[in-house]
Amino acid sequence: MQTLETDRLVLRPWEPEDAGFAFDLYSRWEVQRFIGNPPRVMTERAEAEERIGAWRQLDDPVHAVWAVQLKDSGQLAGNLLLKSIPASGRSLPLQPSGDTEIGWHFHPDHWGHGYASEAGTAVLRYAFASGLRRVVAVTAPANAASRKVCGRIGMRHLGQTTQYYNALCELFEATAPQPPLLD
Ligand SMILES: CC(C)(COP(=O)(O)OP(=O)(O)OC[C@H]1O[C@@H](n2cnc3c(N)ncnc32)[C@H](O)[C@@H]1OP(=O)(O)O)[C@@H](O)C(=O)NCCC(=O)NCCS
């Protein structure tokens, strides 16, 4: 997978040594409360190790999950995901919808600095440079912070939908820039 760089951040593959950070991140209710259906916090470090293992094995030419690291301190700040989004449905596990979603999960110590928006902008640019035509984001209706990230990175609000995750979500989309018309 490709490492991405912005002014303040490096987006790089998750490493097994990052499990302590991932566990700290996902064991917090303030991080997890709007994620998952129903949301639940991690209770064991082994879950973080497993999750990192799965992210590292993601075998896709474009989809990826990046650990977001601050350039100045080297600290990990969060997680940026570009992945297949499951369609709503009756059978479990839910089946892929065919759409790609972008998502962001940051540690509360690093909220309020524009890091999620900076990383999200870089991942959208990467997605379109890699040939995707459309990327969606879904947020719980009450997740104002995440809705704001979608707006800051230029995603269009399409209203509410139940088409993914068997949940009512706010739906946002970004589409690939049009190539210039040739004469
Ligand atoms: C959603 C989430 C990533 C948003 O984080 P965030 O830090 O608020 O988002 P941004 O990176 O866009 O930062 C914007 C904030 O930083 C401030 N900021 C400071 N410096 C900035 C800069 N250089 N550039 C942009 N914003 C800056 C902005 O004013 C804004 O604060 P405000 O919302 O109080 O006005 C975070 O709340 C989170 O991880 N939540 C838990 C997981 C979650 O719910 N994920 C989404 C699931 S759909």
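T6 is buried, with a relative accessible area of 12%. T6 sits in the loop between β1 (4-5) and β2 (9-13). Leaving out residues up to four places away in sequence, T6 touches K71, E118 and A122. The model is predicted.

**Ligand shell**

- The ligand has 21 residues around it, and F106, G112, A116, S117 and R152 come nearest.
- A polar backbone atom of F106 lies 2.7 Å from an oxygen atom of the ligand.
- For Y115, a backbone N or O atom is 3.0 Å from an oxygen atom of the ligand.
- For H113, a polar backbone atom is 3.2 Å from an oxygen atom of the ligand.
- On its own, the ligand has 950 Å² of accessible area, and the protein covers 70% of that.
- Two or more shell residues come from each of β5 (96-106), α4 (115-129), β6 (134-139) and α5 (144-152).
- Which element gives the most to the shell around the ligand? It is α5, with five residues.
- By residue class, the shell around the ligand holds 10 nonpolar, eight polar and three charged residues.

**G112**

- G112 belongs to the loop between β5 and α4.
- G112 is one of the residues that come nearest to the ligand.
- Is G112 buried or exposed? G112 counts as exposed, because its relative accessibility is 80% and the exposed class begins over 50%.
- G112 and G53 are 59 residues apart in sequence. Their C-alpha atoms are 29 Å apart in space.

**Helix α1**

- Helix α1 spans residues 19-26, and A19, F21, A22, L25 and Y26 are buried in it.
- Why do these residues lie on the same side of α1? They cover an arc of only 160° around the axis, which puts them there.
- An α-helix has 3.6 residues a turn, so residues three or four places apart point the same way.
- The cover over the buried residues of α1 includes α2 (29-32), α3 (45-57), β4 (76-86) and β5.

**Cis peptide bonds**

- Most peptide bonds are trans.
- The bond from N37 to P38 is cis, with omega near 5°. P38 lies in the loop between α2 and α3.
- The bond from L92 to P93 is also cis, with omega near 0°. P93 lies in the loop between β4 and β5.

- Most residues other than glycine have a negative phi.
- Y165 has a positive phi, near 60°. Y165 is found in the loop between β7 (156-161) and β8 (169-175).
- Y165 counts as partly exposed, because its relative accessible area is 26% and the class lies between 20% and 50%.
- N166 also has a positive phi, near 50°. N166 is found in the loop between β7 and β8.
- N166 is partly exposed, at 39% relative accessibility.

Notes:
Residues are numbered from 1 along each chain as its sequence is written. This is a predicted model: local features need pLDDT of at least 70, side-chain atom pairs count only at pLDDT 80 or more; totals for chains, interfaces and linings use all residues. Side-chain values use heavy atoms; hydrogens and water are left out. Helices (H or I, at least four residues) and strands (E, at least two) are DSSP runs, numbered from the N terminus. Buried means under 20% relative accessible area, exposed over 50%, partly exposed in between (1.4 Å probe, protein chains only). A residue is near a molecule or strand if one of its heavy atoms lies within 4 Å of it. A polar contact is a pair of N or O atoms within 3.5 Å; within protein, one must be able to donate a hydrogen and the other to accept it, and residues adjacent in sequence count only if both atoms are side-chain atoms. Accessible areas come from the Shrake-Rupley method with a 1.4 Å probe; for residues, only the protein chains shown count as cover. Ala, Val, Leu, Ile, Met, Phe, Trp, Tyr, Cys and Pro count as nonpolar, Asp, Glu, Lys and Arg as charged, and the others, Gly among them, as polar. The arc is that of the directions from the helix axis to the C-beta atoms. Contact means heavy atoms within 4.5 Å.
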